[in-house]
Amino acid sequence: VSVLMSVYNASETLCAAIESILNQTLADFEFIICDDASTDDSWKIIEMYSHKDKRIRTIKNEKNIGLGASLNHCLAIAQGEYIARQDADDISTPERLKKTLQYLKEYEYPYVGCGVFVFDENGVWSKRLFPEDITKHIIAQKNPFFHPTMLFKKEVLESVHGYRVVKATWRTEDYDLVMRLAAKGIIGKNLQEYLYYVYEPIDAYLRHTLRTRMYEICVRYYGLKIMKSPFRDYIYLCKPLIMCFIPRKLLKIVKKTQWKLKGR
């Protein structure tokens with residue numbers, strides 16, 4: 001397994017993220033960490049860990065190029081038969097790699113994800129789990145995978161040349177990837193276990209702007225077209241735009257209701 005991590009100014013959370021991979025019960029992996037031109041102490045931390053553990057391989061970008069392009073750099077040198085992800089502000093449970101790899105290999109799935117606990121500075125405040133069985137119709141509605149939990153057969157990622165790097169995929173490189181794979185008839189599964197802790201402030205949804213929502217619409221339209229989705233699925237192009245024009249106070253109420261229904 002090759003574990004890919006892109007890092008940008010994550011010095012406060014980076015140690016915990018790195019150690020969560022180094023402490024996996026599955027020990028046979030390489031850990032490729034790309035520093036995306038951080039301006040904090042991230043690179044010093046990466047170097048420190050690379051001197052301690054020979055499984056770590058490092059890349060340092062001269063300028064900031066974004067998540068998708070950085071992951072492509074990692075993928076280009078990856079030697080593993082399988083490719084896993086890890087974000088620099090998240091934490092993997094000790095058995096995450098072992099369990100997701102066993103799940104993928106047992107059923108010969110092209111890629112798999114798993115459920116997540118959502119946390120911030122005050123601890124875990126939610127948990128999320130997508131369905132095990134995914135269809136193109138489900139993908140048309142939203143990305144049904146948590147990107148940093150995903151584990152792929154390397155050949156699957158290579159079949160679509162990794163991540164597509166354009167302006168529109170700035171915040172949606174994962175959704176774009178899932179749709180491009182689905183267009184080739186390649187759809188993964190979700191292991192129905194919570195094996196990952198994703199850092200997400202409770203008001204993270206407020207970061208979206210009209211520009212990011214328009215980018216999402218572009219990615220959705222491109223994906224629907226190449227997936228040859230039926231006309232009825234194009235209704236989901238409206239979702240990002242509607243979300244953008246909902247007043248923030250009302251959006252906060254909607255989100256709190258969602259979290260309560262999900263068993264927050």
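Guide: This is a predicted model. The protein chain exposes about 13,300 Å², and 55% of that area is supplied by carbon and sulfur atoms. As for the interior, 53% of the 264 residues of the protein chain count as buried.

Visitor: Why does alanine 182 count as buried?

Guide: A residue is called buried when its relative accessible area is under 20%. Alanine 182 has 0% relative accessibility, and therefore counts as buried. This residue lies in helix H7, which covers residues 173-183.

Visitor: Which residues is alanine 182 in contact with, leaving aside its neighbours within four places in sequence?

Guide: They are Lys136, Ile139, Ile187 and Met227. Contact here requires heavy atoms within 4.5 Å.

Visitor: How far apart are alanine 182 and lysine 228 in sequence and in space?

Guide: The two residues are separated by 46 residues in sequence, while their C-alpha atoms are 10.0 Å apart in space. For the chain in general, consider contacts between residues at least 6 apart in sequence: 80% of these join residues at least 24 apart.

Visitor: What do the buried residues of helix H1 pack against?

Guide: Helix H1 spans residues 14-22, and its buried residues are Leu14, Ala17, Ile18, Ser20, Ile21 and Leu22. These pack against strands E1 (2-7), E2 (30-35), E3 (56-60) and E5 (91-92), and against helices H2 (42-52) and H4 (96-107).

Visitor: How many helices and strands does the protein chain have?

Guide: The protein chain has ten helices and nine strands.

Notes:
Residues numbered from 1 in each chain as written. Predicted model: local features only at pLDDT ≥ 70, side-chain atom pairs only at ≥ 80, totals over all residues. Heavy atoms only, no water. Buried < 20%, exposed > 50% of the residue type's maximum accessible area, 1.4 Å probe, protein only. Helix = DSSP H or I, 4+ residues; strand = E, 2+ residues; numbered from the N terminus. Areas by Shrake-Rupley, 256 points an atom, 1.4 Å probe, with all protein chains shown as cover.
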